[in-house]
Amino acid sequence: MTHLVLFIRSLEVGGAERQLVALAKGLHGRHVPLRVLTFYPKGTLRAELEAAGVAVEDLGKRGRWDLPFLWRLYRRLRALKPDVLYSWLTTANTLAVIVGRFARVPRIVWSVRASNIDFDRYDWLARVDFFLTRIAARWTDRIICNSETGRTFHAKQGYPLDKMSVIENGIDTDRFRFDPAGRERLRTAWKIGANEALIGLVARLDPMKDHDTFLHAAALLAKHRPDVRFVCVGSGPEAEAARLRALTAELGLAGHVIWAGVRHDLPAVYSALDIASSSSSFGEGFSNAVAEAMACERVCVVTAVGDSARIIGDTGYVIPARNPQALAKAWEAALVLPAEERARRGLAARARIEAEFSLARMIERTAKELDVWAALGS
C-alpha cells in the first residue's frame, strides 16, 4: 500500500512544484512510503525526484479536455490505495475531492499556495476553477495554506476555517547560501561592472508578479542612477515575454535590463544581486524567491502582498503594490546603505530564514498535519 500520494498538475519549474519536490524528498528520506502523481508527463523537476528514489508517475493527460484522464486517475487511486491524497493547486485540489472520494481515499488534504487572485488577468476557466474549489472545499479533511494571508482570503471566500492551517514554505539553507564564486561568475557573464549595482526579480512571467511595475520603477531609478543594472530571471508565455521586452525598449531600458530566462543555479543568481526584489501585485502567498534571497544574505525590497512583509521582518523594505515610485525609492534607500549595514541586514535575513522558515521545519510540520507517522507506528 502506498501511504501518501502527492498530486499536482506538472513538475515544471515553479514555486509550488519546487516545494512539493522538497517535501517528497524529505518524507522519502524519513521512510514515508509515497508516490507523486502528475497530470502531464516529463517536467524539469521530475529527474530530481527520481534521482532521490521517489516514485513518480504521470497520468498521460493530453490536453485541457482529456476527460478519460479522470478515469485513469480513479483507477490509479483504487490500485494504490493511499491513506492520504495530498493535492497541490486549484485544479488538482478539485479533482482530488471529486475523484478521490469516489476512489474511497480515506483522507484528502489540499495545499493552497495563493492569496487574493485578480481574475481579470486570467481566462474564464480560472474563474470556474476557483468557483469549484469553493464548493469542493467542504469535502476535504484538511487544507494547508502556505501563508496567513492565503488562509484569511480563502476563509472569506467560503473555505471551512476549522479545516485550515498554515505551514509556511521551507527553504533549504544548505543549498541557498551566499556563493561568492557564483556571484563573480554571473556578474562577469552579465557584464556587471565593479562599480555597478544589480537589482533582480526572480519570478515567472505571470501577471501576478507584475513585471510592469518592476520595469517602470527601473526606468525611474535609471534616470539618475546610471550605475544600476536590472536582471529578470524566469520564463513564461512567449507573447508575454515579447510584450515585456517591448516595454523595456519603450522605457529606454534596453541597455539596463538583462532577461536571463530560467536558471537552475539560483544560489549564484541571488548572490550576484545587490538587492533582491518582489513586485507582485496580487495572489502571492509565501514567496520562495524572497526567502531564498534572504538565505543568500540579500537585502530584499518587497510589495505588501501575501506574507512577504512577514517573511522579511525588519531586514528589508516593504512598499505598496503597483507603485513604481515607491519601489524605486525603496531601492535607492537600500543602495545608499553603508556596506557594513547592508551586510548586517543580510546576515539577519539569513538568520531569520534559518529560525522561522527552514526546510526541516516545513517537512516535520507537514508530516504531523498529514498524520503520516501514524501508519509507520511512530
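1. Start with Arg113 and Asn169: in this predicted model, their side chains are joined by a polar contact of 2.6 Å. Arg113 also has a polar contact with the side chain of Ser111, at 3.0 Å.

2. Where does Arg113 sit? Its place is the loop between strand S5 and helix H5 (124-136). Leaving aside residues up to four places away in sequence, Arg113 touches Ala16, Gln19, Trp88, Leu89, Asn146, Asn169, Gly285 and Phe286.

3. Now for the charge. Arg113 is buried but has no salt bridge. Glu17 is the nearest side chain of opposite charge, and it lies 8.0 Å away; a salt bridge would need a nitrogen-to-oxygen distance within 4 Å.

4. Stepping back to the sheet: seven strands form an open sheet in the order S3-S2-S1-S4-S5-S6-S7, with parallel pairing. Strand S3 (55-58) and strand S7 (164-166) each have a single partner strand, so one side of each has no neighbour in the sheet. On average, neighbouring strands here are turned by 20° against each other, direction ignored.

5. For a look at one pair, take S5 (residues 107-112) and S6 (residues 142-145), which run parallel and share four bridges. Which residue of S6 is the bridge partner of Val109? That would be Arg142.

6. Helices to look at next: H6 (residues 148-156) packs on the sheet and touches S5, S6 and S7, with its direction at about 160° to that of S7. Helix H1 (residues 15-29) lies across S1 (4-8), S2 (34-38) and S4 (84-88), and runs at about 165° to S1.

Conventions: Residues are numbered from 1 along each chain as its sequence is written. This is a predicted model: local features need pLDDT of at least 70, side-chain atom pairs count only at pLDDT 80 or more; totals for chains, interfaces and linings use all residues. Side-chain values use heavy atoms; hydrogens and water are left out. Two strands pair if DSSP finds at least two bridges between them. Helices (H or I, at least four residues) and strands (E, at least two) are DSSP runs, numbered from the N terminus. Axes are lines fitted to C-alpha atoms, for helices over the stretch in contact, and angles run from 0 to 180 degrees between N-to-C directions. Contact means heavy atoms within 4.5 Å. Buried means under 20% relative accessible area, exposed over 50%, partly exposed in between (1.4 Å probe, protein chains only). Lys and Arg count as positive and Asp and Glu as negative; His and the chain ends are not counted. A polar contact is a pair of N or O atoms within 3.5 Å; within protein, one must be able to donate a hydrogen and the other to accept it, and residues adjacent in sequence count only if both atoms are side-chain atoms.
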